[in-house]
Amino acid sequence: MTNALQPSEFEVQDIMINMGPQHPATHGVFRMVLQVDGEIVKDLIPHIGYMHRGAEKLSETMDFRQGIGFMDRTEYLAQFNAELGYVMAVEKLMDIEVPERAQWIRMILCELNRLSSHFMFTGAFGTDAGVFGTSFTYAFRWREEILDLFEEITGDRLMYAYFRPGGLAWEVTDNFEARVRQVLELSKQGIKDIDGLVTNNEIFKARTQGVGVLTKEQAIDWGTTGPVLRASGVQMDIRRDEPYLFYDQVEFDIPIGQNGDVYDRWCLRMEEMRQSVRIVEQCLTKLQPGPIQPERMPRMLRTPPGEVYIRTEAPRGEFGIYMVSKGGNRPHRLKVRSSCFANLQSLRDMSIGQYVADAVLALGSMDIVLCEVDR
Amino acid sequence: MNTLFGLPVALDALIRVLIIVSVMTVVVMGLIYVERKVLARFQQRLGPTRTGPMGLLQSVADALKLVAKEDVRPTNADPWVFELAPFLVFVPTFLGFVVVPFALAWSVRDLDLGLFYILAVSSVNIVGWVMAGWASDNRYAMLGALRAVAQSISYELPLVMAMIAVAMVADSLNISEIVRGQAMVPNIVWQPLPFLMFFICMLAEMNRPPFDIPVGESEVVGGPYVEYSGIRWSMFFLAEYASMFIMALLGAAVFLGGSAWPFGEQLGLPWQILLTVAKAGLIIFVVIWTRASFPRLRIDQLMSFSWKLLLPVSFAQIMVNGLILVYDLPYGMSHTLLAVCSAAGVLFVASAINRSVTSPRPRPLLIPRSEAAR
């Protein structure tokens with residue numbers, strides 16, 4: 001300790017704080033290293049990969065029916081949306097026409113899934129902001145109703161594996177429409193509850209307005225999609241721009257944020273939930289009895305050689321499936337274009353110069369699913 | 001000095017200390033149960049149900065678990081400071097109980113400077129927090145401890161100022177006398193603004209939401225507590241709930257009329273105790289309610305709220321009180337003036353908060369699907 005009194009010893013140093021992989025605010029096993037000067041974040045290094053299970057590679061060893069289940073496990077909060085991408089890719093490769101009823105039911109389930117996923121976001125984000133569990137229980141109560149409905153239809157609460165190339169695995173329950181209407185009513189109540197508890201709360205506004213701002217240019221440069229991109233003021237919604245299913249036959253509004261901050265992302269998701277309710281209500285009026293699988297489906301799914309990219313608007317952004325087939329009953333290569341992976345990269349831009357507490361909010365406002373990021 | 005049954009002073013003091021510690025421990029256990037149950041109701045849950053009838057023994061089970069748990073000390077921790085820290089939080093908190101009156105003639109010691117004393121001892125525990133944060137050799141703990149210091153110092157001042165304002169009106173620093181002075185009208189009527197400030201500062205002093213910044217779960221994962229376990233952690237916990245109870249009792253005594261209003265003098269001891277407990281319970285209930293419904297503030301917002309709003313307003317309140325009281329107006333007139341000025345202060349604080357938060361800002365646009373892209 002000869003140089004203990006050297007001037008350099010007295011220089012102010014930033015400290016590094018390691019947040020995660022086991023930290024209550026990192027939503028799974030995400031790790032970020034914060035370089036902080038007091039409370040101000042000077043730099044932020046995100047580390048991902050703790051949840052990597054090689055889902056894409058594993059999918060190459062599974063045939064097209066087994067692969068559907070893997071999509072559930074990739075995106076475990078928007079399972080139907082993930083399955084949809086996969087089965088649409090297979091359908092496009094095999095050139096299968098999907099019956100109308102199956103399409104409408106897929107649309108209803110995907111939108112309900114968006115609702116349940118956004119409910120999850122509201123709950124988890126409230127906890128990040130420090131509402132001690134109340135927003136969580138509020139949101140989960142209504143999410144639970146949606147999951148109950150999914151369980152009735154598919155037999156599973158989380159890992160549905162219900163969509164099949166060509167249509168659906170089996171017909172929905174007899175009281176499907178009545179149950180969906182009931183769930184919608186409950187969801188409306190839930191949206192109102194959460195709005196009342198959080199959205200107009202003064203402290204919540206003070207904490208989130210002007211925090212974690214991502215400009216339009218930054219949002220585009222990082223390749224963000226979904227609510228994060230729209231909150232920054234970019235009008236992009238794949239449901240509108242490249243309609244799949246029957247999104248071109250229903251009316252809905254696309255909320256576009258004007259400030260690009262955390263509060264906008266919150267308000268945007270609340271609005272999307274209302275729009276999802278609206279979409280499902282329209283779908284229900286158009287639902288007709290009919291087949292849910294094409295007349296002639298091969299027993300064994302075999303695709304001709306080719307490659308295909310499918311984009312869908314999942315709750316967290318663009319969920320893309322790039323599938324290469326060399327013939328046979330399994331994909332030669334499957335690439336999942338993860339929405340969260342791209343969104344997560346913008347975290348550094350959102351957080352630098354802000355407080356530590358704001359970095360937590362910025363992370364929460366992206367609504368990441370680490371399983372999807374790492375795959 | 002009056003001692004119990006004419007015992008020697010030292011023995012008498014020992015007995016009183018024992019009474020404080022045992023009563024407080026039981027009260028804290030009750031409080032934890034109540035908080036868990038009430039919070040559960042706010043959150044549409046049931047709360048503890050399995051331990052004993054209606055989960056009544058949950059706190060006992062928790063306490064047993066905590067006592068039986070291994071007391072871990074990190075290798076890099078500073079052993080003495082680490083192990084002493086819980087005591088420095090625990091002891092000052094319990095010292096505050098000495099002057100809090102339960103009934104008109106029922107406090108451990110009836111000090112003439114009781115209000116001053118309780119504010120003094122309740123701010124000592126911050127030393128324990130800093131020790132805990134420093135000794136743990138953990139960055140979360142350090143960050144939490146520094147936040148705790150900043151917060152505690154900032155909110156100590158408005159708290160003291162609010163108390164001075166009400167002491168001016170009550171014309172005493174003896175808590176028992178302040179209580180007796182409210183036999184007709186509780187102080188909150190004359191001094192609503194100091195009560196509001198007391199409540200806010202109380203939340204901040206106790207690190208309760210929305211001011212739980214030093215221990216924020218989603219940021220610093222428990223702050224100074226993060227390396228503590230077992231019995232030492234439970235001492236922090238005990239101190240936290242004990243200070244909540246003491247602060248609630250203090251608020252009930254100084255602002256809500258304590259055991260004196262209404263009819264405390266006439267209806268005797270049981271009614272007085274009931275009054276105290278009910279009023280303290282009301283404050284505790286609101287504290288829990290706040291916890292269930294508010295997000296956490298950020299550290300800079302917390303600081304500016306204290307220094308830019310609460311402190312100037314509390315000075316203004318003291319000056320106004322002094323101006324009104326110095327002229328020796330008739331009781332009704334001076335107190336009406338006090339009430340009006342203080343209520344105006346409340347309105348001012350509310351509007352200032354409102355103005356700082358609800359700035360007009362564009363809401364998200366709604367673009368219909370059918371509209372052409374871009």
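These notebook entries record what I looked up in a predicted model.

**Entry 1. Conventions.** I number residues from 1 along each chain as its sequence is written, and chains are lettered from A in the order in which they are written. Because the model is predicted, local features need pLDDT of at least 70 and side-chain atom pairs count only at pLDDT 80 or more, while totals for chains, interfaces and linings use all residues.

**Entry 2. Chain A against chain B.** I looked up the contact between the chains (C-beta atoms, placed from the backbone, within 7 Å). Chain A gives 45 residues and chain B gives 38 residues. Helices (H or I, at least four residues) and strands (E, at least two) are DSSP runs, numbered from the N terminus. Among the elements that give two or more residues to the chain A side are strand 1 (15-19), helix 4 (100-129) and helix 11 (262-286) of chain A. The largest share of that side, 6 residues, comes from helix 7 of chain A. I noted its residues as 21 nonpolar, 12 polar and 12 charged; Ala, Val, Leu, Ile, Met, Phe, Trp, Tyr, Cys and Pro count as nonpolar, Asp, Glu, Lys and Arg as charged, and the others, Gly among them, as polar.

Entry 3. Strand 6 of chain A and strand 1 (residues 365-368) of chain B run antiparallel, joined by 4 bridges; pairing requires at least two DSSP bridges. I found Ile254(A) opposite Ile367(B) in strand 1 of chain B.

**Entry 4. A sheet in chain A.** I recorded an open, antiparallel sheet of 3 strands in the order 7-8-9 in chain A. Strand 7 (306-314) and strand 9 (333-337) of chain A each have a single partner strand, so one side of each is left without a neighbour in the sheet. Strand 7 of chain A is joined to strand 8 (residues 317-325) of chain A by 9 bridges. Arg311(A) stands opposite Gly320(A) in strand 8 of chain A.

**Entry 5. Helix 6 of chain A.** I checked the length of helix 6 (residues 176-199) of chain A: its 24 residues should span 34 Å at 1.5 Å a residue, and the end C-alpha atoms are 32 Å apart, which agrees. The expected span is 1.5 Å times one less than the number of residues. Its buried residues (20 or more other C-beta atoms within 10 Å of their own, C-beta atoms placed from the backbone) include Val180(A), Leu184(A), Ile191(A) and Val198(A). I found that the buried residues of helix 6 of chain A pack against helix 4, helix 5, helix 7 and helix 11 of chain A together with helix 13 (269-293) of chain B.

Note on methods:
Two residues are in contact if their C-beta atoms, placed from the backbone, lie within 7 Å. A residue is buried if 20 or more other C-beta atoms lie within 10 Å of its own, exposed if 12 or fewer, and partly exposed in between; C-beta atoms are placed from the backbone.
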